[in-house]
Every structure is written in C-alpha cells, then in structure tokens.
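This report goes through one structure, element by element. The sequence and coordinates come first, followed by the commentary.

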Amino acid sequence: MDINELKNNILFLLEKNDELTFDEIKKLLNWSGDSRPLRKALAELVRESKVDRVPNYERKRMVFKKVK
C-alpha cells in the first residue's frame, strides 16, 4: 500500500469515527508488521492540517481527529 492510499484510508476511518487512537487505527486497517509507514502517514496528515492530534484525558491517550 503506498503512502497516499494509506492517508486516504486513514481519513476515511476518521470520517466514520469521531476520534481514534493510533492502536485503534492500526486495528481497523488490519495493519501487521512494521508500523513506521503508518506513523509516517499520520504525521504527514497532521503536518498538512488534515488531522489533529489532541489529548483525551478520560482515555489517557492521544487521539486523532479529522479537521472539519
């Protein structure tokens, strides 16, 4: 899977779900193996201001949200 396809899949998941942790995104994509490409895609989406990375204090995790 190339990086643009991965970014589109992440954005699609975040449209359907309000906020997701990295582990939840990984699980929904059925990702196995090296998670560096997935982390790179998420980091690029944050840099492009398409996704926000915010703390969720109830869950004690950082979550990703799609920018509206």
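Which residues line the largest pocket?

## Largest pocket

The lining consists of Phe22, Arg39, Leu42, Ala43, Val46, Arg53, Arg61, Met62 and Phe64. Two elements, α3 and β2, each give two or more residues to this lining. The largest share, four residues, comes from α3. The pocket holds about 170 Å³ of space.

A pocket here is an open set of points on a 1 Å grid over the protein atoms alone, where a 1.4 Å probe fits, with protein on both sides within 12 Å along at least five of seven lines; lining residues have an atom within 4 Å of a point. The volume is the space filled by probe spheres set on the points, which are joined across faces, edges and corners.

## Basis of the model

The model is predicted: local features need pLDDT of at least 70 and side-chain atom pairs pLDDT 80 or more, while totals for chains, interfaces and linings use all residues. Residues are numbered from 1 along each chain as its sequence is written, and side-chain values use heavy atoms, with hydrogens and water left out.

Helices (H or I, at least four residues) and strands (E, at least two) are DSSP runs, numbered from the N terminus.

## Helix α1

Helix α1 covers residues 3-16; at 1.5 Å a residue, its 14 residues should span 20 Å, and its end C-alpha atoms are 20 Å apart, which agrees. The expected span is 1.5 Å times one less than the number of residues.

Leu6, Lys7, Ile10, Leu11, Leu13 and Leu14 are the buried residues of α1 (buried: under 20% relative accessible area; exposed: over 50%; partly exposed: in between; 1.4 Å probe, protein chains only). They cover an arc of only 160 degrees around the axis, so they sit on the same side of α1; the arc is taken from the directions from the helix axis to the C-beta atoms. Glu15 and Lys16, on the other side of α1, are exposed. The buried residues pack against α2 (22-28), α3 (36-47), β1 and β2.

## Hairpin

Strands β1 (residues 51-56) and β2 (residues 61-66) run antiparallel and are joined by six bridges; strands pair if DSSP finds at least two bridges between them. Val54 stands opposite Val63 in β2. Four residues separate the strands of this hairpin, and Lys60 in the turn has a positive phi of about 60 degrees.

## Loops

Ser35 lies in the loop between α2 and α3 and is buried, at 16% relative accessible area. Beyond its neighbours within four places in sequence, Ser35 is in contact with Phe22 and Lys26 (contact: heavy atoms within 4.5 Å).

Asn30 lies in the loop between α2 and α3 and is exposed, at 67%; its phi is positive, near 55 degrees.
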